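Work through each task before reading its solution.

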Amino acid sequence: EPLYQESLRIRKKQFGAEHPDVATSLNNLAMLYHAQSKYSDAEPLYQESLRITKKQLGADHPSVATSFNNLAIFYKTQGKYSEAEPLYQESLRIRKKQLG
């Protein structure tokens with residue numbers, strides 16, 4: 001955990017809080033918290049990662065699809081299927097658009 005937090009701190013300092021690399025660090029830390037069942041810590045990080053990725057790369061970028069998918073998996077593992085489903089659908093929509 002301390003290494004993920006340090007990576008996030010460095011990336012924010014070097015690139016600014018809205019950079020896609022910051023979104024990656026947020027996602028990585030969220031995945032760690034998710035694996036540790038620290039759901040209240042993970043959720044806002046997944047959401048912030050998605051927000052930054054969408055803003056910086058555009059709503060239909062493949063990385064945005066991955067972010068939607070990651071958040072969907074997070075909800076699914078908690079049994080929050082009604083929250084997960086639209087995220088999976090959006091991820092699929094983006095992937096179909098990008099891949100044909």
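A residue counts as buried under 20% relative accessible area, as exposed over 50%, and as partly exposed in between. The model is predicted.

**Exercise 1.** Classify Lys 38 by its relative accessibility, then describe its salt bridge and the place of both partners in the chain.

Solution. 
- Step 1. The relative accessibility of Lys 38 is 32%, so Lys 38 is partly exposed.
- Step 2. The salt-bridge partner of Lys 38 is Glu 1, and their closest N and O atoms are 3.6 Å apart. The cut-off for a salt bridge is 4 Å, so this pair qualifies.
- Step 3. Glu 1 belongs to the segment before α1, while Lys 38 sits in the loop between α2 (20-35) and α3 (39-57).

**Exercise 2.** Compare the span of helix α1 with the expected span, and state what follows the helix.

Solution. 
- Step 1. Helix α1 covers residues 2-15, which makes 14 residues.
- Step 2. The expected span is 1.5 Å times one less than the number of residues, and for α1 this comes to 20 Å.
- Step 3. From first C-alpha to last, α1 reaches 20 Å, close to the expected value.
- Step 4. Gly 16 follows α1 and has a positive phi, near 95 degrees.

**Exercise 3.** Locate the salt bridge between Glu 6 and Arg 9 and relate it to the helix turn.

Solution. 
- Step 1. The closest N and O atoms of Glu 6 and Arg 9 are 2.7 Å apart.
- Step 2. Both residues lie in helix α1, three residues apart, or about one turn.
- Step 3. An α-helix has 3.6 residues a turn, so residues three or four places apart point the same way.
- Step 4. Glu 6, at 34% relative accessible area, is partly exposed, and Arg 9, at 44%, is partly exposed as well.

**Exercise 4.** Which residues are joined into one network with Glu 18 by salt bridges that share partners?

Solution. 
- Step 1. Start from the salt bridge between the side chains of Arg 51 and Glu 18, at 2.7 Å from N to O.
- Step 2. Arg 51 is in helix α3 and Glu 18 is in the loop between α1 and α2, 33 residues apart.
- Step 3. Arg 51 is partly exposed at 35% relative accessibility, and Glu 18 is partly exposed at 25%.
- Step 4. Through shared partners, Glu 48, Arg 51 and Lys 55 join Glu 18 in one network.
- Step 5. For the whole structure, the search finds eight salt bridges.

Key: Residues numbered from 1 in each chain as written. Predicted model: local features only at pLDDT ≥ 70, side-chain atom pairs only at ≥ 80, totals over all residues. Heavy atoms only, no water. Helix = DSSP H or I, 4+ residues; strand = E, 2+ residues; numbered from the N terminus. Buried < 20%, exposed > 50% of the residue type's maximum accessible area, 1.4 Å probe, protein only.
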